Amino acid sequence: MPTETQPTRHEQERGQILALFAGGLTLLVLFIGLVVDGGSAFVNRRDAQNDADIAAMAGGKIVRDFYVSNSALRSPDVYAAIAARMTANDCVTGVGTPCSWSAGYIAAGEADNGNVSNTANSPIPAGTLGVIVHVSRQPRTYFLGIIGQTNWQVAADATVVTYKPTSAAPASLLPIGTIPPNPFVAGQSYVLTDGAPYGPGAFGWLSWTGGNATGILADSICNPDNPALTFPVNLPGQPGAHNGNAVRACLDSRIANGGQVLIPVFDACLPCNGNNTSFRVIGLATFILTGYDASGPAIRSLTGRFVGTYNGTSVPAGLGGVVPPSPGDAGAPLQLYR
């Protein structure tokens, strides 16, 4: 009877090597895919953010012009301004990298105020402060297709508002506490925080929610998200000096912008023992941030130039406390935030 031929040891080893080579080659391709395709996704995410920023500024300007100088403007004018910027940046269906966008109106308190309509003669909704633009891009992959990942989904948003403040300007209250001298002098620079009086581990950062993660602090500096406050009010401290890249990047942006910000002023910390510190905030002061000391392992202090005292006894949340600009109000700002 015929017998089966068993593979030789050499043939077995060769089969194992081929299997290892195939597996290694697959891992190598996947690694290259993460680098190349991931890099492509990052670039497209940046492009999407640029598209959203530029388009939101264009749409927001039409909203501002509607209030200030041209009440005949309508929603299709806002739509056309946004669409023109998207077309200029190749964010058009069927052109280059697949890209799509949508836009809506924003009212006080960051409330949704409806879609930006392209229907003839449709009005800009009452109470509109600005626009939010959403951009989505779907860049193809080059290597990750071997595992079924044929494209990435990247998205970005940008919001632009125009307003006339009735109390505190939006996006200006930062979670940075300071003890006032008696009195503040306009135009003079002050050290806003230095950690020394507040107990071990404290610094003078505040927290709106009690969270003390570096990312939470960075978000509140870049995109202020304070709740409505009535003074005096006790706010938890945010332990630690925090020198994360995101915190420094947000401070750098504030300093480079040179805009005015509101800084909470407190007269006591109850108790003053670091992790459990609670600050008694009695009001707000307007400053222009000018620098910080990061010579140690963490930010050691912040400095700012005093502008004036905020006289209100409360501050609204988010975009509260603002109304649309008035006709002829040339000073009405356009503010971009994300």
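Two strands count as paired here if DSSP finds at least two bridges between them. In this predicted model, strand β8 (residues 233-236) meets that criterion with strand β10 (residues 278-293), to which four bridges join it in an antiparallel arrangement. Within this pairing, leucine 235 sits opposite phenylalanine 279 of β10.

Turning to the helices, α2 covers residues 75-88, and its 14 residues should span 20 Å at 1.5 Å a residue, which agrees with the 20 Å between its end C-alpha atoms. Its buried residues are Ser75, Pro76, Val78, Ala81, Ile82, Ala83 and Met86. Just after the helix, aspartate 90 adopts a positive phi of about 60°.

The largest nonpolar core comprises 26 residues, and Val78, Ile82, Met86, Tyr105, Val131, Val133 and Val135 have the most contacts inside it. Two or more residues each come from α1 (9-68), α2, β1 (99-107), β3 (130-137) and β4 (154-162), with α1 giving the largest share, nine residues. A separate core of 21 residues includes Phe184, Trp205, Ile221 and Ile299.

Leaving aside neighbours within four places in sequence, its contacts include Ala48, Ala52, Met86, Trp101 and Val154.

How values were computed: Residues are numbered from 1 along each chain as its sequence is written. This is a predicted model: local features need pLDDT of at least 70, side-chain atom pairs count only at pLDDT 80 or more; totals for chains, interfaces and linings use all residues. Side-chain values use heavy atoms; hydrogens and water are left out. The expected span of a helix is 1.5 Å times one less than its number of residues. Buried means under 20% relative accessible area, exposed over 50%, partly exposed in between (1.4 Å probe, protein chains only). A nonpolar core is a set of buried Ala, Val, Leu, Ile, Met, Phe, Trp, Tyr and Cys residues joined through side-chain atoms within 4.5 Å. Contact means heavy atoms within 4.5 Å.
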